[in-house]
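I opened this notebook to record what I looked up in a structure that is new to me. The entries follow the order of my reading.

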Amino acid sequence: MNSQQLYDFIIKPTLQYMGGNYYSKESAFLLLCTAAIESDCGYYIKQINGPALGIWQMEPDTEIDIWQNCDALKTEFGQIIANLATPYSDLADNDLIDAPKYACAMARLKYSMDPNPLPKLTGDNNLDSRSFYDYYKRVYNTELGASTFDKWAVALKKHRIFEVEL
């Protein structure tokens, strides 16, 4: 998927819909980078030989964990997020594939559960790439994940992430 369109039509409107502090240039940039490395910006919506689903390649167990442990979802905000899911989905976990805005919201919520603030964009592509990768690796991909900084850098370059107008 074109990274500018991913930002314009999925990421930005979803984060704005979520309200509060969910939208920032940093959160949008982090979600763009995550999509670039996790699914080749939406080229894969089902992990090959694995359980991860959607543009952000979230595992169903992670989705369940977010619903069970994200305090924000225990309020009326939970219904706001549920409204992003597809009403016609009858198979477990289809929403991460069928509803890209729902998948985007779930990825943002995963990051929001971390007590540390998001890195700040500095305008230095090398510094930003490293600081956002380190955050992504610690929170989203974890030490068990296959991601490396080299793969991250290749994905960001391939999808021209630094050229996206945030």
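Which helices do the buried residues of H8 pack against? I found that they pack against helix H2 (25–39) and helix H7 (125–141). I note that this is a predicted model, in which local features need pLDDT of at least 70, side-chain atom pairs count only at pLDDT 80 or more, and totals for chains, interfaces and linings use all residues. Residues are numbered from 1 along each chain as its sequence is written, and side-chain values use heavy atoms, with hydrogens and water left out.

**Entry: helix H8.** I took helices (H or I, at least four residues) as DSSP runs, numbered from the N terminus. I used buried for under 20% relative accessible area, exposed for over 50% and partly exposed for in between (1.4 Å probe, protein chains only). In H8 (residues 149–158), I listed Trp152, Ala155 and Leu156 as buried. They lie on the same side of H8, because they cover an arc of only 95° around the axis, the arc being that of the directions from the helix axis to the C-beta atoms. The face turned away from this buried side carries the exposed residues Asp150, Val154, Lys157 and Lys158.

**Entry: H2 against H8.** I read that the two axes come within 9 Å and cross at roughly 105°. Axes here are lines fitted to C-alpha atoms, for helices over the stretch in contact, and angles run from 0 to 180 degrees between N-to-C directions. H2 and H8 are therefore roughly perpendicular to each other, a term that covers 65 to 115 degrees. The contact (heavy atoms within 4.5 Å) is made by Cys33, Thr34, Ala36 and Ile37 of H2 with Lys151, Trp152, Ala155 and Leu156 of H8.

**Entry: aromatic rings.** I counted rings of Phe, Tyr and Trp (its six-membered ring) as a pair if their centres lie within 6.5 Å, with planes over 60 degrees apart taken as edge-to-face. The count comes to eleven aromatic pairs. One of them is Tyr133 with Phe149, edge-to-face at 5.5 Å centre to centre and 75° between the planes. Tyr133 lies in H7 and Phe149 in H8, so the pair ties together parts that are 16 residues apart in sequence. Tyr133 is buried at 6% relative accessible area, whereas Phe149 is partly exposed at 23%.

**Entry: positive phi.** I looked up Cys41, which has a positive phi of about 55° although it is not a glycine. Cys41 lies in the loop between H2 and helix H3 (60–69) and is buried, with a relative accessible area of 0%.

Technical notes: Helix = DSSP H or I, 4+ residues; strand = E, 2+ residues; numbered from the N terminus. Phe/Tyr/Trp six-rings, centres within 6.5 Å; stacked < 30°, edge-to-face > 60°. Parallel < 35°, antiparallel > 145°, perpendicular 65-115°, else oblique.
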